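Biologist: Before I rely on the labels attached to this entry, I would like to see each one set against its definition. Please take me through them.

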Amino acid sequence: MSALAVQGLNLHHGLLHAVRDVSFAVGNGEVVALVGANGAGKTTLLRAIAGAHRPTSGVIALDGKDIAHVPAHRRVGMGIALVPEGRKLFTQMTVEENLLLGRMARRPGPWTVEKVIETFPNLGPRRRAKTGTLSGGEQQATAIGRALMSNPSVLLLDEVSLGLSPIAVERLYESLRTLMQSGTTILLVEQDLGRAMRVASRVICMLEGRLVLEGSTTSLPREKITEAYFGSGHERAMA
Amino acid sequence: MINTIIQGVLLGGYYALIAAGLSFMFSVMRIINLAHGSLAVLAAYLLLVLAQSFGISPFLGLIIVLPAMAALGFLLQRFVLDRALRAGQLVPILATFGLAIVIDNALFEGFGANTRSLSNYIGTLSYDSIELPGGIYVGELSVGVFVLAIVVLGGLQLFLSFTSYGRAIRATSEDPDTASLVGINARMATAVASAIALATVGLAGAALGMRATFDAYTGASQLLFAFEAAVIGGAGSVWGTLIGGIILALAQTLGAKVSPLGFLIAGHGIFLVVLFARIWLAGGVMALLRRRA
């Protein structure tokens with residue numbers, strides 16, 4: 001059974017039909033990249049899975065159980081954790097306090113403040129610093145650590161490299177590598193297609209709210225993904 | 001002179017106690033609760049009824065009144081403030097203003113215009129005093145209220161800083177959407193915060209009833225003093241609230257020494273001075289308006 005399965009999902013933001021009949025599944029321990037142009041609906045889809053947006057229709061199944069109507073805070077306890085776009089840290093609170101908030105759902109598991117700092121060593125000296133004063137890389141590490149503290153079975157990463165220097169991105173993915181190999185199920189949104197192809201075993205491409213391409217990163221030619229990414233043919237080029 | 005200052009500081013403890021809930025609600029929930037004073041008077045009336053009709057001492061009565069006030073706070077958040085907040089920033093102010101009018105007039109309807117006090121029910125505590133070196137006498141009750149204010153403010157501070165629920169409340173006040181994404185029940189957290197705030201209002205009501213007199217319309221003046229103390233001390237800062245209460249009370253007691261009318265005038269005066277100083281330091285009215293926009 002897949003860890004996460006989305007079936008016929010539709011979501012509206014007012015008049016905008018942001019997610020259109022999307023269906024896909026992520027297997028246990030699989031790392032899947034969700035790619036697509038700006039405004040394709042990737043963030044909305046992730047936020048719907050985490051419970052921040054109510055879908056209009058469709059099923060979101062976690063370990064076979066439909067959670068589409070479960071409120072966001074209870075989904076964390078069921079094993080879904082989102083690292084939101086823009087990090088969304090509590091800037092008036094320290095790194096440690098932000099991490100401890102991840103434990104509010106009281107889901108048992110291996111993650112502790114010490115283990116997060118072991119995974120992201122750059123947080124060690126900043127442990128008692130307010131997160132508003134951190135560098136981008138440190139903030140992103142804190143945001144991922146906060147999500148891990150809830151011991152998720154499915155981790156959703158939304159543009160974790162956004163706004164970071166290339167070195168910070170490199171370091172971040174270095175830390176994430178162990179996590180990805182440890183069997184955590186991960187669905188990630190990444191703007192850098194090359195990087196997405198390297199870390200994920202499968203890629204899903206969205207265009208204007210629809211899922212337009214899906215396949216294994218080893219078998220899909222890059223041109224085909226690029227084509228799906230921007231929409232095919234001339235009418236897009238004209239627009 | 002020293003006597004005046006000591007009495008002023010002790011009175012400041014009372015102001016800090018009533019301001020504690022007001023500034024807690026403002027800092028944690030971004031709500032200015034204009035029914036704050038009226039709710040304190042409501043708590044005082046509840047203690048009075050328990051004492052008059054059932055012979056329960058106001059101290060024991062708190063065992064009933066504090067949970068009742070907390071429950072009221074929880075329901076108030078769930079059914080009034082939560083909805084009001086969703087309609088915009090100013091709506092909770094209107095809602096609590098309306099609530100204050102409802103409470104005041106309901107109390108007037110129920111208890112009439114007589115001035116009441118709890119001092120008859122607390123034995124000799126209302127006039128017992130302690131002699132300090134130098135022949136200065138301070139009321140035991142005033143000292144008790146001052147200590148209570150420190151305990152309440154310190155307790156709120158410790159709760160917010162060091163307990164997991166305190167952290168959850170702070171996180172919710174900063175960003176409720178993200179709070180729910182890390183597993184916090186944001187509606188629950190604000191309702192609990194509101195319950196805590198109203199429990200402190202219950203204590204303030206007890207202090208009000210024991211140390212002075214009250215009637216159905218006393219709430220407005222209590223709100224004003226709490227508001228002034230909170231603004232002088234910097235709304236939202238726990239220890240600032242204590243300092244603010246003390247500064248307000250010192251100005252009032254020193255003003256009263258100059259002239260019988262000086263009590264209120266000096267109090268409002270110091271409030272306005274601090275308010276304008278803050279605006280000036282923030283770069284003037286225009287800068288404040290620009291920041292809002």
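Modeller: Chain B contains 12 helices and 2 strands, where a helix is a DSSP run of H or I with at least four residues, a strand is a run of E with at least two, and both are numbered from the N terminus. Read from the N terminus, the order of elements in chain B is α-α-α-α-β-β-α-α-α-α-α-α-α-α. This is a predicted model, in which local features need a pLDDT of at least 70 and side-chain atom pairs count only at 80 or more, whereas totals for chains, interfaces and linings use all residues. Residues are numbered from 1 along each chain as its sequence is written, while chains are lettered from A and ligands numbered from 1 in the order in which they are written.

Biologist: What makes S1(B) and S2(B) a pair?

Modeller: Two strands pair if DSSP finds at least two bridges between them, and here 4 bridges join S1 (residues 129-132) to S2 (residues 136-139) of chain B in an antiparallel arrangement. Leu132(B) is placed opposite Ile136(B) of S2(B), and the two strands make a hairpin with 3 residues between them, in whose turn Gly134(B) has a positive phi of about 95 degrees.

Biologist: How many bridges join S1(A) to S2(A)?

Modeller: There are 7 bridges between S1 (residues 4-13) of chain A and S2(A), again running antiparallel. Val6(A) has Phe24(A) of S2(A) as its bridge partner, and in this hairpin, with 2 residues between the strands, Gly14(A) adopts a positive phi near 60 degrees.

Biologist: Why is Asp21(A) called partly exposed?

Modeller: A residue is buried if 20 or more other C-beta atoms, placed from the backbone, lie within 10 Å of its own, exposed if 12 or fewer do, and partly exposed in between. Asp21(A) has 14 such neighbours and therefore counts as partly exposed. This residue sits in strand S2 (residues 16-26) of chain A, and its phi, near 50 degrees, is positive although it is not a glycine. Asp63(A) also has a positive phi near 50 degrees without being glycine, but is placed in the loop between S4 (57-62) and S5 (65-66) of chain A; its 15 neighbours make it partly exposed.

Biologist: How do you know whether Ile186(A) is buried or exposed?

Modeller: Ile186(A) has 21 C-beta neighbours inside 10 Å, so it counts as buried. It belongs to strand S8 (residues 185-189) of chain A. Beyond four places in sequence, Ile186(A) is in contact with Val31(A), Leu155(A), Leu157(A) and Met180(A), contact requiring C-beta atoms, placed from the backbone, within 7 Å.

Biologist: Why is helix H1 of chain A described as largely enclosed?

Modeller: Helix H1 (residues 42-50) of chain A has 9 of its 9 residues buried, so it is largely enclosed by the rest of the structure. Among them are Lys42(A) and Arg47(A) as well as Leu45(A), Leu46(A) and Ile49(A). The helix is followed by Gly51(A), with a positive phi near 105 degrees.

Biologist: What makes the radius of gyration of chain B agree with that of a compact globule?

Modeller: The radius is taken over C-alpha atoms, and the globule rule is 2.2 Å times the number of residues to the power 0.38. For 293 residues the rule gives a value near 19 Å, and chain B has 19 Å, so the two agree. Its C-alpha atoms fill a box of roughly 60 × 50 × 40 Å along the principal axes, and 47% of its residues count as buried.

Biologist: Which residues touch the most other members of the largest nonpolar core?

Modeller: They are Leu156(A), Tyr15(B), Leu17(B), Ala43(B) and Ala44(B), in a core of 160 residues; such a core is a set of buried Ala, Val, Leu, Ile, Met, Phe, Trp, Tyr and Cys residues joined through C-beta atoms within 7 Å. Apart from residues up to four places away in sequence, Ala44(B) touches Leu118(B), Gly205(B), Ala206(B), Leu208(B), Gly209(B) and Phe214(B).

Biologist: How many residues of chain A are in contact with chain B?

Modeller: There are 20, meeting 15 residues of chain B. Helices H2 (72-78) and H3 (95-101) of chain A each give two or more residues to that side, and H2(A) gives the most, with 4.

Biologist: Where in chain A does the pLDDT stay under 50?

Modeller: It does so over residues 234-239, for which the model has 2 contacts beyond four places in sequence, pLDDT being the predictor's confidence in each residue, from 0 to 100. Chain A averages 89, with 96% of the residues scoring at least 70.
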